[in-house]
Every structure is written in C-alpha cells, then in structure tokens.
Amino acid sequence: MARFSLSRAAAPKPQAQAATAAPAPAVAAAPAPAPTAAPKAEPKAAPPRNKHLDTRLKLHARLIEELDLSKLDKLGEGDLRREVMRLTADFARSERMALNTAELDELGASIYDEMVGLGPIEPLLKDDSINDILINGPHQVYVERRGELELTPVTFRDNDHLLRIVNRIVAGVGRRIDESQPMVDARLPDGSRVNAAIAPVAIDGAAVSIRKFSKKPLTLEKLVEVGAMPQCVADFLYGAVRSRISTVISGGTGSGKTTLLNALSAAISEGERLITIEDAAELQLQQPHVVRMETRPPNIEGKGEIRQRELVKNALRMRPDRVILGEVRSEEAFDMLQAMNTGHEGSMATIHSNNPREAVSRLEQMVAMGGLNLSPEAVRAQIASAVGLIIQATRLSDGKRKLTYVTEIVGMEGNVVQMQDIFTFNRTHTDPDGTVHGEFRATGLRPRALDEMLRRGINYDPANFDPSKPLGVA
C-alpha cells in the first residue's frame, strides 16, 4: 500500500517540470488512462449496499451484546419476541430513525428472524405460495411459484452472513459443512429439504436449495382438484395401495414424487406398522404407527457412515408391515426388492427416471451397483415379481405437475420385463403463452391389480378402462 501511495504523491512533480523538459509530458501522459480505467471496475466489484440490511445486522450485533444469552433458553418464544421488539424500539429512538409503527414492527420481526430463524429468507419460508427457494450466493435469491422461477429482492450482506444461516440449518440436524465436506443434505424443522454447497465446490458463494413442503400435506382429493389426475385414476391408485400392491413412483426432479407418495399413503390402514427410510426425512405420513429412519454421513474422520442399504436390512428385522423408501439411489434397490418379495407387499419407493420402462432399467443398474453376482435375467425376474405398479409423475413445461403413466408390471416374457400402461396423459397442444393441454385416457387393458382389489372387497368401476372416451381434460 505504501508504494501505491508514493506513486500517487509523486505524480504532480513531473507535471511541474514539464515547461523545461520536453520528454516529461510524454512520460506523464502515458499513465493517464490507468486512473480513468480503475474507477470503472469498482461498481462491479461491490454490489449495492442494502441500508435496511446493514441496519438490521448492526442492531443484531448490539442485541447480542445487550441480551443475557444464558437466559435466552429460558424465555418462551413470545417473551423473547417481546424483548427483541422492546430493544428494537429503544435502538430506533437512540438512532433517531424515522419509522412508523408498521416499519418498526417489520424491523423487529426481521431482527428476531436474524437471531433465532433463518434471517432474510424467513419471510420466504412463511410464504405458502413458494415451492422452492434457490440461493445462488449472497446477492441472488430465486423462488419458484406455480412452476415459474422469480428473482426476489432478498439478499444477504455477504457470504459470511449466508454461511452463518447455512451452519444454523445443518447444526439443527447434527450435520456439518466445511471445506473438507463442502456439500450437505439437511432438513428444516417443518420437513423442508435443504441441500447446500460451499467453497471450494461452489465458486460464487454458498449455493442453497430449499424444497418446501406444505404444512398440510396434499391429499389425493386435492391433487384431483388441481388437475394432476382425474378422480377415476385417483380411485384406482387408492384401491391398489390399499390392496398392498407394491408401488414405485418415478419422475424427474421437482415432478412431485414425494407429494404423491404422501398422498397415496393415506390409503394404508392405520393398523399397519410402517418404517420409512430417507437421506433427509421429509415424508409426512398420517398413520399413527410410523418409525422414521435417516441415513448418516461420515464424521470428520471419515467414519460412522450409515447408508440406506444398512437401514433397509435393519428395517426388515423390525417387524414392518411395509417399508417405504424416500428415494432409491443405489445398491439398496436389491434389498428393497427382497423386502417386496418376502412378505412386505405394499412397500413403496420413489426413483428418478423419465418413464416407466426407464425406471425398470435404472432398478437393474442400481442392483448391479451392489456388486452381487446376479445375472441380468435374475435381476429382471426379481423386479417383475416384486413391483406391481409404476406411477410416472412429470413436471410439464408450463410448471404443472401431472401423472403421465400408470403402468403395471405383468411378468416376464423371455428375458424382458413385460409392462402394460393402464392410464396415460396425452398432450394435445400448447398455447402461445406456454400452457400445456392434454387429456387422460385409459388404454383399454384390464389390470391384474383389479383382481386383488376385488378379492379384498374394494370395488372399482371397470367402465373407467374404456379407451373410447377421455377421463379428464387438462
């Protein structure tokens, strides 16, 4: 820094000697463009300051100094909120801030969120119209509403501020994130799923993705109401799950697989014992007898990891009526198929794939990841005997989520898993504004699952399998 200061101080001297030395002006003129180029880069380097955010963080630091932190744990939420509001009002008076009652209440609420909540994104978490919160560094926060991404005015002061919020999230579920383990899956107290990545893998600041879940899980009736499926398809799926037909829900990211699994679980009898296995617990089953299990990442020494496969094996010793996997990702697929084939019919899982046929192929690949010496034919036979239905959920280009296939696995023919579509959603056209239109139709094939439904006393109108008429238009 001293050298930069000296060069600026010495600059006037060559100009003073310019009258007597001809070369001096040329030397003095040469560095002239440099000072003009430097200021142009300054506004890009520093984003515009948010005065409200600076005030909030300044007050937050002051409150931490003034509050007796040892007493905070003893205060209830209401008492703590009132104490924060009182100190906020005192601060506003001492700083001579011109705030009306509504602005003062808003400032106090934001300070409270900064202390015990998730800071700037707390209002987004409370907004029921938001499905996803996507944080791309401290100065860019997007949300998804009704299937469309929107940029919000929410910002963090800097990356350190964002990292404090990330650490608060992961600490709440007993996990960690640092340079040695820069990626983590976690969850919020309401069940919302969180994925975070920090430096060195996230180059432009911490990247955080929050998948929110409704405080009231969506039911099959609500999914019918929003057009995800017609009523007759919902009735068939309800009957199939009730009849203990093992089901796999397939779909891409954000297609509504978990939402559909939660909705279908309402068909399970309250007298059954359910064991759920997930990477980050997010299922919201409504039955009273549910045991929830969650994987664990390795500790700082790289030990203590508990994978889904170990949890599935352990779950089979816990006398489950059904095992429900939040998502099948790897070699645990083999143990899931074993469970479905050995007295745990009606088990359910989700899988990432684009269509039912691809879901079967992915199951084959994941079984192979376990290193078992099984022939492809043996694996396919396991799949054909274990899985009854594959339900395909799709997020369309206009953001709407639909059931596009209800497909039944009917057995093997040679070395090929035989499948038949029961219901499909066929796209007909797309409006200039991007809205997708289509219709649900039956294929005309009578599913084998219907026989099991009838044996269990669940009646279903076979007229719904008539392919000549649409079941619903969306």
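A salt bridge here is a side-chain nitrogen of Lys or Arg within 4 Å of a carboxyl oxygen of Asp or Glu. By that rule the structure, a predicted model, holds 22 salt bridges. Let's work through a few of them, then move on to helices.

**Exercise 1.** Take the pair Arg307 and Glu331: how far apart are N and O, and which parts of the chain does the pair link?

*Solution.* Start with the distance: the side chains of Arg307 and Glu331 meet at 3.1 Å, N to O, in a salt bridge. Now place the partners. Arg307 sits in the loop between strand S9 (290–294) and helix H14 (308–315), while Glu331 is in the loop between strand S10 (322–325) and H15. The two are 24 residues apart, so the pair links distant parts of the chain.

**Exercise 2.** Is Glu331 buried or exposed? And how does Arg307 count?

*Solution.* The cut-off for buried is under 20% relative accessible area. Glu331 has 12% relative accessibility, so Glu331 counts as buried. Arg307 comes in at 36%, so Arg307 counts as partly exposed.

**Exercise 3.** Now do the bridge between Arg441 and Glu439: what separates the closest N and O atoms, and how do the partners class by accessibility?

*Solution.* First, the closest N and O atoms of Arg441 and Glu439 are 2.6 Å apart. Next, Arg441 has 21% relative accessibility and therefore counts as partly exposed. Glu439, with a relative accessible area of 19%, is buried. Finally, look for shared partners elsewhere: salt bridges of that kind join Asp127, Arg145 and Glu150 into one network.

**Exercise 4.** Describe how H8 and H10 pack, and say which residues meet.

*Solution.* Two packed helices are described by the angle between their axes and the distance between the axes. For helix H8 (residues 101–116) and helix H10 (residues 159–171), the angle is about 60 degrees and the axes lie 10 Å apart. That makes H8 oblique to H10. On the H8 side you'll find Asp113, Glu114, Met115 and Val116, which meet His161, Ile165 and Arg168 in H10. Sort the contact by class and you get 3 nonpolar, 1 polar and 3 charged residues.

**Exercise 5.** Which residues of helix H17 are buried, and what do they pack against?

*Solution.* Within H17 (residues 376–386), pick out Val379, Gln382, Ile383, Ala384 and Ala386 as buried. Then check their neighbours: the buried residues of H17 pack against helices H15 (332–341) and H16 (356–368), plus strands S13 (401–413) and S14 (416–430).

Notes: Residues numbered from 1 in each chain as written. Predicted model: local features only at pLDDT ≥ 70, side-chain atom pairs only at ≥ 80, totals over all residues. Heavy atoms only, no water. Axes fitted to C-alpha atoms, helices over the stretch in contact; angles between N-to-C directions. Helix = DSSP H or I, 4+ residues; strand = E, 2+ residues; numbered from the N terminus. Parallel < 35°, antiparallel > 145°, perpendicular 65-115°, else oblique. Contact = heavy atoms within 4.5 Å. Nonpolar A, V, L, I, M, F, W, Y, C, P; charged D, E, K, R; others polar. Buried < 20%, exposed > 50% of the residue type's maximum accessible area, 1.4 Å probe, protein only.
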